[in-house]
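Q: I have this chain open and would like to talk through some of its side-chain contacts. Could you take my questions as they come?

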Amino acid sequence: MAPLVRSPYTGKSRRLVIAFDIGTTYSGVSYSILTPGEVPEIYPVTRFPHQGHVGGNCKIPTVIYYDKQGKVCATGIDDLGDFEPDEVEDWTKVQWFKMHLRPKSSATSDAADQITPLPPNKTVIDIFVDFMEYLYDCTRKYIQQTFPNQPDFLASMDRNNAIDFVLTHPNGWEGSQQAQMRQAAVRARLVPDTDAGRARVRFVTEGEASLHLCIQRGLMTPEMERGEGVLIVDAGGGTIDISAYSRNLAAKEKDTFEEIAAAQCFFQGSIYVTNRARRFIENRLNGSKFQGNIKYIVNEFDKRSKLTFRNKPLYVPANTQERDDKLGIRLGALRLDKEDVAGFFQPSIDCIVNAVKEQRRTAKKTISTVFLVGGFAASDWLYNQIEISMKSLGVKFFRPDSNVNKAVADGGVSYFIDHSVTARVSKHACGARCNTVYDSNDQEHRQRSSQVFRSVDGCHRLPNSFDIILPKDTKVSETKEFRRSYNRTSTNRSDFGYLSDPVLCYKGSSPHPRWTDVDAGSYSTLCNIVDNGQLINTSRYVSNGGYYFIEYDIILALGLTELAAQYAWKENGVEKRFESFPSGCLRRS
C-alpha cells in the first residue's frame, strides 16, 4: 500500500501541533504546522543539546540529573563527558521515572521492586514537569531555527492559544495517569491552567500512535486491505503494549480503522531484561574484587550489549584489565553464557507470544498480521524468537525499519491530524457504586440480607452494588454513549448541593462483577463527576414521605482516547448536561 495521502487542512486559522513521546528509556518530539488549504506535514525534532549526532529521527535518553538542592543540572543525556568530574560528583541521576506513574494494582505490583526510586523531595509529577519544560524549550528553539523567515510565528501561536499538544502513553495508563500528565503540562507552562488550556492537551496510547505511523508509512498487507485484523506489538523500554485493529471497509473515509479487542499493557519491556541481568551479575560478583564494577557492567549491558545478543556467549565490557576465569572475566569483559542471557529475555518473549494468542482468541476478527515496533524491537534475539512462534500460528510477522520504531511522536501528531481510529474496545467494566433495591428472589441478595437498610423513601436496599454502565469488551464508536438512570433521596434538600460521584472500573477476573466489597482490590476510580450546583434545582418534595427526591443519568463515552463522563437531567422537558473530570453513593432507579 502507498503511504497515506492527506487532504489539505480545513481549519480557519493556523495551528501548531506538538507531540511528546516521553518513553521509559528514550523520548522524542514531533510537530506539524497546520495552515488552512495546505497539506500537513509531520517533522521530528532532531537537534538537542549534548546530542551526539544531528539528523535522522532522533530520540534522547529520558534522563535528568539533579544537584543536592533539587535543581536540574542536565537533561536528556547519559554520558556526562562534557562536564567536569568535580561538577557532577554530587549529581543524582533519575531514569525510568515514567514507571512511577503506572496504575497501582496487583498487575503492576511486581514492577514496583524493579524501578529506580525517585530522589528525595521529588514526586513523579515534579520530574515530568522538568522534562516537559526541557522538551518544549528544545522544540521551540528547533522551530525558530528551522523557520528563520517566520520570527513571529511562535509568538502569534502563543497569543492565539493555537498550540495543541499530544502526549503518548502506554495502553495501561488510564484517567488518573492522564490527569497527572495534564497537570504536569500545566505546571510546565505548555498550556494555561484554564478549561480551554487543559483542553489543548490530548492523549493517545503508544499502540494507537504506532498504528497511525504504520498507516502513514503505507505499511499495509493484503490481508489488512481486506479487513482482517492487525496486531501492533509496541515493545518499549518499560512496557509491552498490545493493540488489535482492523480496517473499516464500510467507512466512507479511506484508511479508517477500528479496535477489535481490548488493548493490553504488560511490564516486560527492555528494562526488565536489564534488571534480570543485574540480579544475575550481582549474584556472581558480589563479595568479589569486581563488586565495584557491577554498576559499570550492568550499564554496558543495558546500553550496548543487550541488543547485540545472538545465540552465543555475550561479552560485556567490565572496565578492568584483571582476569578471573572462575568468574568469567578476561580481556576486559564479563562472559555471560548464551543460556543465561536467553533466560533474561525469556519472560518478555513469553509475555508477547501469550498476549498475541490471547488477542487472537478474543478479537472480533481474524488477526493475520503482527507488527513488532518500539525500541526493544531492535533486538534480533527478541524478534527471531517471536518469529518462530508466529510461524507456528500461521501469522505474518513484520518488524518495520528503525525509523518507524523511533517515531511514536510522529504517530501522535498523525493521530491529531488523520484521526484514523474511529472505534475502540472497553478494557474494563465501568460503572457506579449504588444502593440497589433488595430482591428476596435473588440468592446473592438473600446472602446479604444482614446488610439491608430502609431508605427515607421506604424502600429496602443493599449497599455496595456495582451498577455497570459500560460493559467490558464493548465496541465503542466515537459518538456512542452509555447511560444509566439514578436517583437520590434525602430529608434535607441541601444534601443535593454540589454532588460528587465516582466512576469505577473493575479489573478483576469475574465475568459478572456485582459488589464493590467483593474482590475490592480490583476496583479503582477512573474519574469523579462533580455537579456544579445545578442538580439541586431539580429536586422535588414528596409530601407524603417527608423527603426530597432528584433523578439524573450518568453518561459515559469512550470513543476518544479519554473517558468522558457527564451528569444529565431534565429541566422543563429539556435535557441538560454537566461534564466533569471524574466519591459518593448512587441509587439505581
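Q: Is R198 exposed, partly exposed or buried?
A: R198 counts as partly exposed, because its relative accessibility is 24%, where buried means under 20% relative accessible area, exposed means over 50% and partly exposed lies in between, with a 1.4 Å probe and protein chains only. This is a predicted model, in which local features need pLDDT of at least 70, side-chain atom pairs count only at pLDDT 80 or more, and totals for chains, interfaces and linings use all residues. Residues are numbered from 1 along each chain as its sequence is written, and side-chain values use heavy atoms, with hydrogens and water left out.

Q: What does the R198 side chain meet?
A: The side chain of R198 meets that of D195 in a salt bridge, at 2.5 Å from N to O; a salt bridge here is a side-chain nitrogen of Lys or Arg within 4 Å of a carboxyl oxygen of Asp or Glu. Both residues lie in helix α6 (residues 195-198), three residues apart, about one turn of the helix, where helices are DSSP runs of H or I with at least four residues and strands are runs of E with at least two, numbered from the N terminus. D195 counts as exposed, at 61% relative accessibility.

Q: And which residue does K475 pair with?
A: K475 forms a salt bridge with E258, the closest N and O atoms being 2.7 Å apart. This pair links distant parts of the chain, since K475 sits in strand β22 (residues 475-477) and E258 in strand β12 (residues 257-266), 217 residues apart. K475 is partly exposed at 41%, whereas E258 counts as buried at 14%.

Q: How many salt bridges does that rule give?
A: The count comes to 40 salt bridges.

Q: Changing topic, how many residues are in the largest nonpolar core?
A: That core has 52 residues, and those with the most contacts inside it are L16, I18, F20, M132 and L135; a nonpolar core is a set of buried Ala, Val, Leu, Ile, Met, Phe, Trp, Tyr and Cys residues joined through side-chain atoms within 4.5 Å. Its largest share, 13 residues, comes from helix α3 (residues 124-146). A second, separate core of 47 residues includes V233, A235, L285 and A363.

Q: Which residues does I18 touch?
A: Leaving aside residues up to four places away in sequence, I18 touches V29, S30, Y31, Y136, T139, I163, D164, F165 and V166, a contact being heavy atoms within 4.5 Å.
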